[in-house]
Amino acid sequence: MTAEKIKDFRAALGTFATGVTIITTLAEDGEPIGVTASSFNSVSLDPPLVLWSLAKSSLSKDAFCSSDHFAIHVLSASQQDMSNNFAKSGADKFQDVRWQKGETGSPVIDQYAALFECKTMHQYEGGDHIILVGEVVHFDRRDEEPLVFHGGRYAEARLKTSDEVEQGIDLDQGKFTDDFLLYLIARAYFQSSQPTRTALEQLSLSQSQYMVLSVLSMNAPATAADITDRLAHTGFEADQAALEQMATRDLLVQTNGEFDLSDKGRSHLIETLSVAKAFEDDLTDHFTATEIADTKRVLKKLIDLTGQDVPDLFAANQPE
Ligand SMILES: Cc1cc2nc3c(=O)[nH]c(=O)nc-3n(C[C@H](O)[C@H](O)[C@H](O)COP(=O)(O)O)c2cc1C
């Protein structure tokens, strides 16, 4: 095949999404050996057999071909760095990796979504690769999202939901379940804004006052009518009297009938926002970057769909 044809062939093969594994064995001198491989597949349930293929050009070929065991680690979504590490030919791949010898003697790395420890059963010629078939003597599985490889890039698996979206609400019975989307949105809001509410209490600020500080931080100065208008969709009220009372508390400054943040108001806002940000940072540690991007996209769409009459609070901050 020409180089061009090989490139096309590789691209066509890449349409087949796979998981990613690290496969390990011990060299004859007892050194741990490992490579990243996406060619892993199941072969037989009884006896339990699996296979994978190793490039003949791999520096690890002799170690795998002369060993009678290997261990396959199916990687979780968080192990992309480890996958890259074991794909570096000839590198000292185990340097920062915690591992111990498993049942067959192959190195077992601490982290994985699934583990298959195998005895090497067969080795077959496969063009520029060797096909290794192993009998699984021990396996383990953890509740981890898998790392996916597709089209030459890493990806994350997302389970398809059924086309029928659960309504989560039974109007006849006057009941709803935790599949009711608006319940989930409201509950997520109440729970995730709890630290902010506590911070506000400590600063003796009401929710309405916090909303006033927030809208002014985005666009100021503003008249009372403008602020009232911008808060209308939140259900919080801030009329002229309420704003003047905030000015008396030094939270706002009033000039020519318009309001702006005072230094104290801005510092209270920053203090509250830093509590919210710290809470968000802790929360986002539990999500993948894709989940966060998806959540933001869905929330922005919901905001667009439900907010035709809501003024764009960021309008003045956006570039033309
Ligand atoms: C996602 C991914 C999948 C891979 N799958 C395989 C594979 O199935 N077989 C293989 O021989 N190499 C595969 N490789 C390439 C090897 O990991 C790479 O050549 C490695 O450097 C070999 O190491 P060595 O030369 O130190 O033995 C893959 C690499 C990546 C990033």
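Two strands pair if DSSP finds at least two bridges between them. Strand S5 and strand S10 (residues 129-141) meet that mark, with seven bridges in the antiparallel sense. The model shown here is predicted.

## Strands around S5

Strands of a sheet pair through backbone hydrogen bonds, either parallel or antiparallel. S5 has S10 as a partner, and the pairing is antiparallel. Within that pairing, Val50 has Gly134 in S10 as its bridge partner.

S5 also pairs with S4, again in the antiparallel sense, over three bridges. Here Asn41 stands opposite Leu51 in S5. Four residues link S4 to S5 in a hairpin. Pro47 lies in that loop, between strand S4 (41-44) and S5. The peptide bond from Asp46 to Pro47 is cis, with omega near 5°.

S10 has a further partner. Strand S9 (residues 114-126) pairs with S10 over 12 bridges, in the antiparallel sense. Tyr124 has Ile131 in S10 as its bridge partner. S9 and S10 form a hairpin with two residues between the strands. Gly127 in this hairpin takes a positive phi near 65°.

The table collects pairings from across the model, with one pair of facing residues named for each.

| Strands | Bridges | Facing residues |
|---|---|---|
| S4 and S5 | three | Asn41 and Leu51 |
| S5 and S10 | seven | Val50 and Gly134 |
| S9 and S10 | 12 | Tyr124 and Ile131 |
| S11 and S12 | four | His150 and Arg153 |
| S16 and S17 | four | Thr255 and Glu258 |

## The ligand and its shell

S5 also matters for the next topic. Strand S3 (32-37) and strand S5 (49-55) each supply at least two residues of the shell around the ligand. How many residues lie around the ligand, and which come nearest? There are 19, and Ser39, Ser58, Ser60, Ala87 and Ser89 come nearest.

By class, the shell holds nine nonpolar, eight polar and two charged residues.

The side chain of Ser58 places an N or O atom 2.6 Å from an oxygen atom of the ligand. The side chain of Lys93 has an N or O atom 2.8 Å from an oxygen atom of the ligand. Ser53 takes part through its backbone: one of its backbone N or O atoms lies 2.9 Å from a nitrogen atom of the ligand. A polar contact is a pair of N or O atoms within 3.5 Å, so the Ser58 pair at 2.6 Å, the Lys93 pair at 2.8 Å and the Ser53 pair at 2.9 Å count as polar contacts.

Taken alone, the ligand exposes 640 Å². The protein buries 82% of that. The space taken by the ligand is the second largest pocket.

Strand S11 (residues 147-150) joins S12 through four bridges in the antiparallel sense. His150 has Arg153 in S12 as its bridge partner.

Another open sheet has three strands in the order S15-S17-S16, and its pairing is antiparallel too. Which strands form its edges? They are strand S15 (222-223) and strand S16 (252-255), each pairing on one side only. Four bridges join S16 to strand S17 (residues 258-261). Thr255 stands opposite Glu258 in S17. Val253 stands opposite Asp260 in S17. S16 and S17 form a hairpin with two residues between them. In the turn, Asn256 has a positive phi of about 50°.

The peptide bond from Ala220 to Pro221 is cis, with omega near 0°. Pro221 lies in the loop between helix H6 (207-218) and S15.

Ser204 has a phi near 55°, a positive value in a residue other than glycine.

Key: Residues are numbered from 1 along each chain as its sequence is written. This is a predicted model: local features need pLDDT of at least 70, side-chain atom pairs count only at pLDDT 80 or more; totals for chains, interfaces and linings use all residues. Side-chain values use heavy atoms; hydrogens and water are left out. A residue is near a molecule or strand if one of its heavy atoms lies within 4 Å of it. A polar contact is a pair of N or O atoms within 3.5 Å; within protein, one must be able to donate a hydrogen and the other to accept it, and residues adjacent in sequence count only if both atoms are side-chain atoms. Accessible areas come from the Shrake-Rupley method with a 1.4 Å probe; for residues, only the protein chains shown count as cover. On a 1 Å grid over the protein atoms alone, a cavity is a set of points where a 1.4 Å probe fits but cannot get out, and a pocket is an open set with protein on both sides within 12 Å along at least five of seven lines; lining residues have an atom within 4 Å of a point. A molecule sits in a cavity or pocket if more than half of its atoms lie within 2 Å of its grid points. Ala, Val, Leu, Ile, Met, Phe, Trp, Tyr, Cys and Pro count as nonpolar, Asp, Glu, Lys and Arg as charged, and the others, Gly among them, as polar.
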